[in-house]
Amino acid sequence: MPEPDILAPPQSVVARTARWQALLDDTIPAKSQGSNLLVATWNLRAFGDLTKAWKTGEGISPKRNFADVHAIAAVVDRFDVVAVQEVRGNLRALRHLLKVLGEDWAFILTDVTLGKAGNNERLAFLFDTRRVKPSGLACELVVPIEQDAGVGATELDRQFARTPYAVSFLSSGQTFTLVTLHVNYGKKAAERVPELQAIAKWLAGWAEREFDWDHNLIALGDFNIDRVGDPLFEAFTSTGLTPAPQLEGLPRTIFDKPGAEHFYDQIAWFTKGQQRRPVLRLEAVAGGQVDFVEALLGEQTRNDLSWHISDHYPLWVEFAIPAD
């Protein structure tokens, strides 16, 4: 039996995607050439293998199928750059996502992080080449455990479980550097504090070195922060990183209960009044999450949905590009 063509969806998938896109029209600002920049982060659960079918049969693994890729693509296509966490060593799902997005989309990603804590994961940026171009910098962040680096051996006695990844981009004459990471969850919250403190110190030091370049520096990804104000949040913000106020209080996962939300995913930057750190020149004018549960759940459970789409909501911020 011939393999289905992901670019030739059946009418049922076309109709589902159209309904989903109509809801997204009411949720996410439109791209406006030369006046805005739309940046998002999304932990796509175990984004690796793919079932090459429009519907996943009972007991088939992986659950994610071609229809799910179209639903994911409808979200990604709304943004200029999307930082994606949990891309796996197997790139089948990513390759098919790029097919659906079309030839105007490109990606930059890390190699697989080896070791048990690395979980066979990559970090990736997907970007709309009509709106954004890489501006030259792409690097993984490695922390020297030395006093002059500001990170002592007692604070972080190993490298990051999944090495943070930084890429600079150019859009409408504005250069911005995105740093994405996926902090290791560990067995208990306290195990995440050293890693969060180390990335906060590293970013502050790097920002000071990059000050003369006058770049916009934005950190985004899955920081596995449980609560605002808890030791994890304090570690993340300890050197001045300020989370996007537009995202305050929004649940991050589809399993969060009202009043008991987690704040794993963040988009943050340095603000005014911090010496020799590149203050964000782009004005954050809007932000939010993309709640896909009601639109895409159907008759499946939330757990099933998490394997088809994700257990995390996408988070986004719209920046206004200053006039010349």
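Okay, let's start with the pocket. The largest pocket in this predicted model holds about 580 Å³ of space. On terms: working on a 1 Å grid over the protein atoms alone, a pocket is an open set of points where a 1.4 Å probe fits, with protein on both sides within 12 Å along at least five of seven lines, and lining residues have an atom within 4 Å of a point. Points are joined across faces, edges and corners, and the volume is the space filled by probe spheres set on them.

There are 23 lining residues, and Lys55, Thr56, Asn65, Gln300 and His308 are the closest to the pocket's centre. By type, the lining has seven nonpolar, eight polar and eight charged residues. Here Ala, Val, Leu, Ile, Met, Phe, Trp, Tyr, Cys and Pro count as nonpolar, Asp, Glu, Lys and Arg as charged, and the others, Gly among them, as polar. Helix 1 (11-25), helix 2 (66-76) and helix 7 (302-308) each give at least two residues to that lining, with helix 1 giving the largest share, four.

Quick housekeeping. Numbering runs from 1 along each chain as its sequence is written, and side-chain values use heavy atoms, with hydrogens and water left out. Local features need pLDDT of at least 70 and side-chain atom pairs count only at pLDDT 80 or more, while totals for chains, interfaces and linings use all residues.

Now helix 2. How many of its residues are buried? It's 11 of 11, where buried means under 20% relative accessible area, exposed over 50%, and partly exposed in between, using a 1.4 Å probe and protein chains only. Phe66, Asp68 and His70 are among the buried ones. At the N-terminal end, Asn65 is the cap, with a side-chain oxygen 3.0 Å from the backbone nitrogen of Ala67.

Six strands make an open, mixed sheet in the order 5-6-7-8-10-9. Strand 5 (133-140) and strand 9 (242-243) are the edges, each pairing on one side only; pairing takes at least two DSSP bridges between two strands. Strand 8 (residues 216-222) and strand 10 (residues 265-269) run antiparallel, joined by five bridges, and Gly221 has Gln266 in strand 10 as its bridge partner.

Most residues other than glycine have a negative phi, and most peptide bonds are trans. Ser61 and Pro62, however, are joined by a cis peptide bond, omega about 0 degrees, and Pro62 sits in the loop between strand 1 and helix 2. Ala46 has a positive phi of about 45 degrees; Ala46 is in strand 1 and counts as buried because its relative accessibility is 18%. Asn224 has a positive phi too, about 50 degrees, in the loop between strand 8 and helix 5 (231-236). Why does Asn224 count as buried? Because its relative accessible area is 5%.

Conventions. A polar contact is a pair of N or O atoms within 3.5 Å; within protein, one must be able to donate a hydrogen and the other to accept it, and residues adjacent in sequence count only if both atoms are side-chain atoms.
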